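Thanks for making time this morning. I would like to talk through one structure, with attention to its helix packing and its aromatic rings.

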Amino acid sequence: MKIYVVQPNDTVDSISRQQNAGLASLIEVNQLTPPYRLAVGQALLLTGNDSPDILPPDRPGAVLRSGYAYPFISAQVLSETLNHLTELAVFSYGFTDSGGLIPPALDDQWMTANAVSRGVLPTLTLTPLDSDGRFNNTLVSSLVRSPSAQRRLITGLASVMLEKGYQAVNIDFEYILGEDRDAYTAFVAYTTYALNILGYQVSVALAPKYSDDQQGLLYEGMDYAGLGAAANWVVLMTYEWGYTYGPPMAVAPLNQVRRVVEYALTKIPAGRISLGIPNYGYDWPLPYTRGTTKARTLSNLEAVQTAVFYGVPILFDETAKSPYFRYWHYGVQHEVWFEDVRSWLEKFRLVREYKLKGFTVWQIMNLFRSGWVLSDFFF
């Protein structure tokens, strides 16, 4: 396995010959399409395997490999990605202020059935999303302060899990009020206790903190030590430094991700931590103006195709360990940051360096084949 960075005048044929890599697998693994144009600086995963079956499924139980997906995911994308997962987190179920469970708008049982048939753990993601699709801390407050609502919610969870074949729950609450911090931790502990008795595991997603007293609505309700003890394991949401309304930067700069991991390890055992990894990028129009500029979300593959289309080189930031580039369109300059096999490799190395439980990808709606093949090699 090798990562090759495209040089000027390279073609898929010349790379195949010079790097002793099978042409068919080079094209297939990296999702290249005719006429196979490349961008200078583009990272390619070379496997040296010219078979149509790139790699056999390999899911060592010691490393969690998880991904979030909505029920409208393409059946083909889900099928291929399941080859590389140990857990599939279906996004998402909501709830009312009295604890009534709200299912996704689309059928999700086809996803749990596919996961079970492939030996992958189907996980129900629980979120306090309101009718506008936003995290609602009023819902969180109502739930964590009401024992009766919690009992109703857990009863509903157990019923749906039995009916649809779910085997675990991921609690993904954000913007928890500081005054709800202890009550939220107690809710996670209660849910874990109740569902563990029934044979179900419970994980909890944590906003990316650096310290105990970090200020901000994302962080003040997150008790790393308490939640790490309350749940069976945690997911660090180590992404969204670069985000839709923020300034152009890497979505998950490695130096910042490392800071979060190192803080988390002072509160939670390594074997109970899953590292969050983004599977997308952003395209910002320049100049950036706070409150006005809005970035467009794009897949990793779309980012590379954009660089190819505009004939611009892809650069790599050695601090953030992330690829980026700029291009002009109708007189407006754009800046794009995204993920590639180099940036995923650095995050995989972090998982191995700190002996973490594994990694969790947000989200798997767009196929990133080279990243998943890389995970098979690395783990």
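Predicted model: local features only at pLDDT ≥ 70, side-chain atom pairs only at ≥ 80, totals over all residues.

Residues are numbered from 1 along each chain as its sequence is written, and side-chain values use heavy atoms, with hydrogens and water left out.

Let me take the helices, which are DSSP runs of H or I with at least four residues, numbered from the N terminus. The axes of α11, residues 341-353, and α12, residues 369-378, come within 10 Å and cross at roughly 30°, where axes are lines fitted to C-alpha atoms over the stretch in contact and angles run from 0 to 180 degrees between N-to-C directions. In contact, meaning heavy atoms within 4.5 Å, V341, W344, L345, F348, R349 and R352 of α11 meet S370, G371, W372, L374, S375 and F378 of α12.

Turning to the rings, W344, F348, F359, F368, W372, F378 and F379 form one aromatic cluster, and the whole structure holds 29 aromatic pairs, with rings of Phe, Tyr and Trp (its six-membered ring) pairing if their centres lie within 6.5 Å, and planes under 30 degrees apart counting as stacked, over 60 as edge-to-face and the rest as tilted. One of these, Y68 with F91, is edge-to-face, at 6.2 Å centre to centre and 85° between the planes.

Finally, the charged end of R259 sits over the ring of Y210, 3.7 Å from its centre, and K357 lies over the face of W233, at 4.8 Å from the ring centre; the criterion is NZ of Lys or CZ of Arg within 6 Å of the ring centre and within 35 degrees of the ring normal.

Technical notes: Helix = DSSP H or I, 4+ residues; strand = E, 2+ residues; numbered from the N terminus.
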